[in-house]
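Here is a short briefing for a reader new to this structure.

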Amino acid sequence: MMLSTPGLATRIRLIGTSPFARYEHLTHKYPQAVNLCGAVPGVPVPPHIHEAVVKAVGDGLADRYGAVPGLPKLQEAICNKLREVNGIPTEPEQIVVTVGASEALSIASLLLIEPGDVVMMLSPSYPSHIESVILAGGRVAYVPLLEADQWRFEAEALSIAWEHSLKEFEREPKVLILCDPLNPTGSCLSWESLSEIADFALKHELWVITDEVYEDYCFEGNTHFSLGCIQEMRPRIISCFSLSKAYAMPGWRVGYLVADASLSRSAVTIHDQVAVCVPLASQYAALAALSTPKEWLSGVRETVISSRQALVEGFSRLKFFLLAQPTSGLFGFPAIRGASGSVQFVEQIAEEAGVLLFPGLGFGPSGEGHVRVSFGVQKGVLEEAIERLNVWETRAPE
Ligand SMILES: Cc1ncc(COP(=O)(O)O)c(C=O)c1O
């Protein structure tokens, strides 16, 4: 819905009511509903993170302004992680610590997108990616995924979106935003697909922004690959990461971007403008998080896999939802049978079944007709939601 408040800048009027605002509204309207919209694993934060923050605060280290790009020790720890886990060799000056990946992604959009520019992205897409393009004055050319084949990526879809951009916008796309693993579909890209995307981006001199916040959640032999590990891509890519998902700490609001030093210097300018720095207490939390033993993360992954199993089994018994098994991330994206629109359907389910789902409409054109369900919740919560949906279905008309 387009907003009409006088004086509002066009960029915000074009976004209208964001899907997240609609979701907030439903959580207040149906406080007793079981919530399947969460986007972090349903586990507590590792205790050493809290201990490190208490110590830093007690030692008076968190009260002042910090260096704009981030605590040097944290930049170094991030460099080590990027080298070891993502295969991206970097220097600390290439890292900017941000207020979650959300700020990193916004900075990247502001750095690269000018009014009128066309930005490609896989579809369905994370709503904030669409919104960040609109905020920067850009337009979106969607690259549809194959729903019938577990939301598989096909390289041909890139050329189709390119042609569409030429016809519809009379412009060649300038930027590609790549979310992998993908929220909401629960799918991830193979190395072969990623190489095809790199070839396409290099051939057409596209700039690329990656969103890798679910990098730790790939299942059954699927692996997350970073586009930034391909050397030729490095001058043209801004890679965005988060600590929210891996360590179940979204409230601390820490993420980071890595880019060629020429880009990261400009990223620091925008970060200084909007935030000055990430709160230092949060940066100490992030520093401690990055020293978490790998076994902890493996344990979380096991918990998530078990919740995903419960989701897939539970939904296979429901007749209104058609769910493909997610291979990554924290979400499933089932098609809904027989409902006229996902927004109305979600409201109906909240009211009649007492379960909160996220409407597919918010995820771009191929999202409509679907709902997003999270398995990043405790198993008991998931089972209660499935039970409520079962009961609702027995009462609902065919
Ligand atoms: C795909 C995707 N990108 C970015 C974010 C934001 O992450 P952060 O908490 O680091 O801002 C989310 C949060 O749900 C997400 O799902």
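Two residues are in contact if their C-beta atoms, placed from the backbone, lie within 7 Å. By that rule, 32 residues of domain 1 are in contact with 34 residues of domain 2. This is a predicted model: local features need pLDDT of at least 70, side-chain atom pairs count only at pLDDT 80 or more, and totals for chains, interfaces and linings use all residues. Residues are numbered from 1 along each chain as its sequence is written.

**Domains**
- Domain 1 spans 10–45 + 295–395 and domain 2 spans 64–289 (bounds from an automatic or database domain assignment).
- Their C-alpha centres lie 24 Å apart.
- On the side of domain 1 that touches domain 2, helix 11 (294–316) supplies the largest share, 4 residues.
- Helices (H or I, at least four residues) and strands (E, at least two) are DSSP runs, numbered from the N terminus.
- That side of domain 1 divides into 19 nonpolar, 10 polar and 3 charged residues.
- Ala, Val, Leu, Ile, Met, Phe, Trp, Tyr, Cys and Pro count as nonpolar, Asp, Glu, Lys and Arg as charged, and the others, Gly among them, as polar.

**Ligand shell**
- The ligand is surrounded by 13 residues (C-beta atom, placed from the backbone, within 6 Å).
- Among the closest are Gly-100 and Ser-242.
- Helix 5 (residues 100–112) gives the largest share, 3 residues.

- An open antiparallel sheet has 3 strands in the order 10-14-13 (strands pair if DSSP finds at least two bridges between them).
- Strand 10 (331–332) and strand 13 (358–359) each have a single partner strand, so one side of each lacks a neighbour in the sheet.
- Phe-331 stands opposite Ser-374 in strand 14.
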